[in-house]
Amino acid sequence: MISRKKITETILILAIALSNLSQIPALFGNSLIKSGYTIAWILLFMMLLYVCSFKISIKHLILPIIFDVICGIGLIWGQSYFSSALFTPINMSAFILLIGIMMGKLADDETLKRISIVYIATSFIVGLVLLGSVFRGVDWSGSSVYVYGSKNSAAPFLLIGLILVAIIFYRDHKVIPFALIVFYTVLICMMKSRATLISLVIFLLYFIFGVVESKKERNFYIILLMTCVLLIIFQPNVNHLIVDEILLNNRSSDLATLSSGRDYHWYIFKTEFYDYLFMGTGGTYLESMPLAVLMSYGLIGGIPVLLFAIKPLCYAIKERKSKKYQLYTVLVISISLTMLINSIFEEQAPFGPGVKCYFLWLICGLYIGKKKHDNQNV
């Protein structure tokens, strides 16, 4: 007889695979694959409810619940928060977090490795498709127009694949993981997603100084990193590629260009926020999650959302001394850091859009659920 663990894990793997493959450009908006991963996530939720005997701890969902209650009360004073761009992604993230917490009752380290392999494999397939259908035969470096319009969704998605490879598999299997890391890095550079490139640099620094335990290995990475920095500074061709063509995208270096017009969003926030200090506007598009949240929901609704956004990072940092859960801690810190950096430049990170951020909440939920289950057994 197939165990409950095997059934739920199989459904989870299917949900991850379909969610990731939906990032293939030809499948954007495909109703069949969208229905597939939606049904898989809902079916998984129902299965886990049964396994958990319909007992759900809402301790870790208090913040999104408070946010939803405030949105409901907001109707009294005429604010339609429910139609705002962030409302659905926030609640979807809470839903995936809940699934992860319940799944943590059944999951073990091997489960984590298996779902990570699925994520890596499917994100690699998406990367190959992008390389072949979008970037092949295109002068991506010399272009002043972004070759791939959905770069700000695809690049963080691929960066999570890189993080999984580096943290879970690189130590034991050097060659293939190294090749995958190079593949992800090159593709992210080709997309010229500067927010993701900054996140990549921050992750590398965290990996070198916070994850690598061998002093000899750490010194090697430091020397390698310094060599790359010196090449960028002093080698004209490399400097031109990295700085002029990738970071500046062959454009001028004024603030508006560097920020892709986001400086105007900061100006809007600065000049208008105090008019909507407490209740917000009900929904304002600004290319920065903290600004969009505060502008849309004010301090009353915005503070719970901002606290929820940093919850995975805070939880992992709080539990970082536990050697038993070190793999989960490092993964959550790494992915959360990259998503929070991305949120400075994007409206919906670390909640969305689409499947861009779901793996953060899934891994965080698995971490919380597994730790809680282990403590109960003890």
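Predicted model: local features only at pLDDT ≥ 70, side-chain atom pairs only at ≥ 80, totals over all residues.
Residues are numbered from 1 along each chain as its sequence is written, and side-chain values use heavy atoms, with hydrogens and water left out.

Start with helix α1, residues 4-21, and helix α2, residues 31-51. Helices here are DSSP runs of H or I, at least four residues, numbered from the N terminus. The two pack at an angle of about 155°, with axes 9 Å apart. Axes are lines fitted to C-alpha atoms over the stretch in contact, and angles run from 0 to 180 degrees between N-to-C directions. α1 and α2 are therefore roughly antiparallel, the term for angles over 145 degrees.

Which residues meet? In α1 they include Ile-7, Ile-11 and Leu-18, and in α2 they include Tyr-37, Trp-41 and Leu-44. Contact means heavy atoms within 4.5 Å. The residues of this contact divide into 17 nonpolar, three polar and one charged.

Next, Ser-214, which sits in the loop between α8 (194-211) and α9 (215-234). Ser-214 is partly exposed, with a relative accessible area of 34%; that class lies between buried, under 20%, and exposed, over 50%, using a 1.4 Å probe and protein chains only. The side chain of Ser-214 reaches the backbone nitrogen of Glu-217 at 3.2 Å.

Last, helix α10, residues 236-247. At its start, a side-chain oxygen of Gln-235 comes to within 3.0 Å of the backbone nitrogen of Asn-237. Just after α10, Asn-249 has a positive phi of about 55°.

Technical notes: Parallel < 35°, antiparallel > 145°, perpendicular 65-115°, else oblique. Nonpolar A, V, L, I, M, F, W, Y, C, P; charged D, E, K, R; others polar. Polar contact = N/O pair within 3.5 Å; in protein donor to acceptor, adjacent residues only side chain to side chain.
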